[in-house]
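Subject: Structure for your review

Hello,

Please find the structure below.

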Amino acid sequence: MNAVTRIVFFDDAGEKFFGEGPARLLRGIEEKGSLRAAAQSMEMAYTKALTMVKNAENALGFPLMIRTTGGRSGGGSILTAEGKEWLERYETYRDACVQANSKLYLEFFPEQR
């Protein structure tokens with residue numbers, strides 16, 4: 001038996017807009033330099049990935065990435081400074097929550113050691 005911590009953010013209307021999926025997508029954009037490549041690595045449709053990013057941007061009130069269209073040199077995407085900061089804060093918060101949950105789990109269920 002174990003307890004799982006999932007950090008999900010909801011907007012004022014109660015709609016989910018950010019969690020582990022969008023965080024992985026942003027990390028993929030940062031690593032691959034492309035929303036399309038990040039989506040493909042997650043086996044996700046490009047349109048779904050774009051919708052996820054746009055929903056998060058609308059809820060947060062700032063852009064998470066900058067897209068450049070293709071052409072001879074190809075297109076790509078990069079995270080904005082705000083996008084990088086948000087992702088880092090989310091991951092730090094998530095990790096702190098997981099760590100706190102692990103401690104509390106053992107406190108309330110010591111037989112699981």
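**Notes on the model**

Glu43 sits in the loop between helix 2 (35-41) and helix 3 (46-60); helices (H or I, at least four residues) and strands (E, at least two) are DSSP runs, numbered from the N terminus. The model is predicted, so local features need pLDDT of at least 70 and side-chain atom pairs count only at pLDDT 80 or more, while totals for chains, interfaces and linings use all residues. Residues are numbered from 1 along each chain as its sequence is written, and side-chain values use heavy atoms, with hydrogens and water left out.

Glu43 has a phi near 55 degrees, a positive value in a residue other than glycine. Most residues other than glycine have a negative phi. Glu43 counts as exposed at 78% relative accessibility. Here buried means under 20% relative accessible area, exposed over 50%, and partly exposed in between (1.4 Å probe, protein chains only).

**Charged side chains**

The count of salt bridges comes to five, where a salt bridge is a side-chain nitrogen of Lys or Arg within 4 Å of a carboxyl oxygen of Asp or Glu. Arg27 takes part in a salt bridge with Glu30, with the closest N and O atoms 2.2 Å apart. Both residues lie in helix 1, three residues apart, about one turn of the helix. Arg27 also forms a salt bridge with Glu91, and here the closest N and O atoms are 2.5 Å apart. This second pair links distant parts of the chain, with Arg27 in helix 1 and Glu91 in helix 4, 64 residues apart. Glu91 is buried, at 15% relative accessible area, whereas Arg27 is partly exposed at 24% and Glu30 is partly exposed at 34%.

Arg89 and Glu85 meet in a salt bridge of 3.9 Å, N to O. They are separated by about one helical turn because they are four residues apart in helix 4. Arg89 is exposed at 52% relative accessibility, and Glu85 is partly exposed at 44%. Salt bridges that share partners also join Glu20, Arg94 and Asp95 into one network.

Arg94 lies in helix 4 and is buried, with a relative accessible area of 18%. Not counting residues up to four places away in sequence, Arg94 touches Ile7 and Glu20; contact means heavy atoms within 4.5 Å.

**Aromatic side chains**

How many aromatic pairs does the count come to? The count comes to seven. Rings of Phe, Tyr and Trp (its six-membered ring) pair if their centres lie within 6.5 Å; planes under 30 degrees apart count as stacked, over 60 as edge-to-face and the rest as tilted. Phe18 and Trp86 form an edge-to-face pair, 5.5 Å centre to centre with 80 degrees between the planes. The pair links distant parts of the chain, with Phe18 in strand 2 (residues 16-18) and Trp86 in helix 4, 68 residues apart. Both Phe18 and Trp86 are buried. One aromatic cluster is formed by Phe9, Phe17, Phe18, Trp86, Tyr90 and Tyr93.

**Gly21**

Gly21 belongs to helix 1 (residues 20-32) and is partly exposed, with a relative accessible area of 25%. Leaving out residues up to four places away in sequence, Gly21 touches Met42 and Met52. The C-alpha atoms of Gly21 and Met52 are separated by 8.8 Å, and the two residues are 31 residues apart along the chain.

Regards
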